[in-house]
Amino acid sequence: MPTFTESFSCRVNLKLNPAGYVTSATAISCADKQFALILKSIAEASPFPILPEAYDQINNINVTISPAL
């Protein structure tokens, strides 16, 4: 997991397939440097556990990432 040395807030859109793998990650509001580290973390955490009955509700989500220092 990357270590963040400064405070920031990034909004990211994630699209997931039914198996929980990220098929698309797009920065909504995020600096390139932070987004690259966030993408690395997302890739390492994938696949995300998804209940089949919840897939339609969470296959396209926006998340805000703001690490605590």
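How many of the seven residues of β1 are buried? Five of them are, and β1 is mostly covered; buried means under 20% relative accessible area, exposed over 50% and partly exposed in between, with a 1.4 Å probe and protein chains only.

This is a predicted model, in which local features need pLDDT of at least 70 and side-chain atom pairs count only at pLDDT 80 or more, while totals for chains, interfaces and linings use all residues. Residues are numbered from 1 along each chain as its sequence is written, and side-chain values use heavy atoms, with hydrogens and water left out.

**View 1. Overall arrangement of helices and strands.** The protein has two helices and three strands, which follow the pattern β-β-α-α-β along the sequence. Helices (H or I, at least four residues) and strands (E, at least two) are DSSP runs, numbered from the N terminus. Of the 69 residues, 28% count as buried. Among contacts between residues at least 6 apart in sequence, 66% join residues at least 24 apart; contact means heavy atoms within 4.5 Å.

**View 2. The three-stranded sheet.** The sheet is open, with strand order β2-β1-β3 and antiparallel pairing. Because β2 and β3 (60-65) stand at the edges, each with a single partner strand, one side of each is left without a neighbour in the sheet. From one strand to the next the twist averages 25°, where axes are lines fitted to C-alpha atoms, for helices over the stretch in contact, and angles run from 0 to 180 degrees between N-to-C directions. Two strands pair if DSSP finds at least two bridges between them. β1 and β3 are joined in the antiparallel sense over six bridges, and Leu14 stands opposite Ile61 in β3.

**View 3. The hairpin of β1 and β2.** Strand β1 (residues 10-16) runs antiparallel to strand β2 (residues 22-29), and six bridges join the two. Arg11 stands opposite Ser29 in β2. Five residues lie between the strands of this hairpin, and Gly20 in the turn has a positive phi of about 95°. Most residues other than glycine have a negative phi.

**View 4. The largest nonpolar core.** Seven residues make up this core: Phe8, Cys10, Val12, Leu14, Phe35, Ile38 and Ile42. β1 and α1 each supply at least two residues of the core. A nonpolar core is a set of buried Ala, Val, Leu, Ile, Met, Phe, Trp, Tyr and Cys residues joined through side-chain atoms within 4.5 Å.

**View 5. Helix α1 and its two sides.** The buried residues of α1 are Gln34, Phe35, Ile38, Ser41 and Ile42. They cover an arc of only 120° around the axis, which puts them on the same side of α1; the arc is that of the directions from the helix axis to the C-beta atoms. What covers these buried residues includes β1, β2 and β3. The face turned away from the buried side carries the exposed residues Asp32, Lys33 and Ala43. At 1.5 Å a residue, the 14 residues of α1 should span 20 Å, and the end C-alpha atoms are 20 Å apart, which agrees. The expected span is 1.5 Å times one less than the number of residues in the helix.

**View 6. The cis peptide bond at Pro47.** The bond from Ser46 to Pro47 is cis, with omega near 5°. Pro47 is found in the loop between α1 (32-45) and α2 (55-58). At 36% relative accessibility, Pro47 counts as partly exposed. Leaving aside neighbours within four places in sequence, Pro47 is in contact with Ala19, Gly20 and Tyr21. Pro47 and Asn17 are 30 residues apart in sequence and 9.3 Å apart in space, C-alpha to C-alpha.

**View 7. Asp56 in helix α2.** Asp56 lies in α2 and is exposed, with a relative accessible area of 67%. The C-alpha atoms of Asp56 and Pro18 are separated by 9.0 Å, and the two residues are 38 residues apart along the chain.
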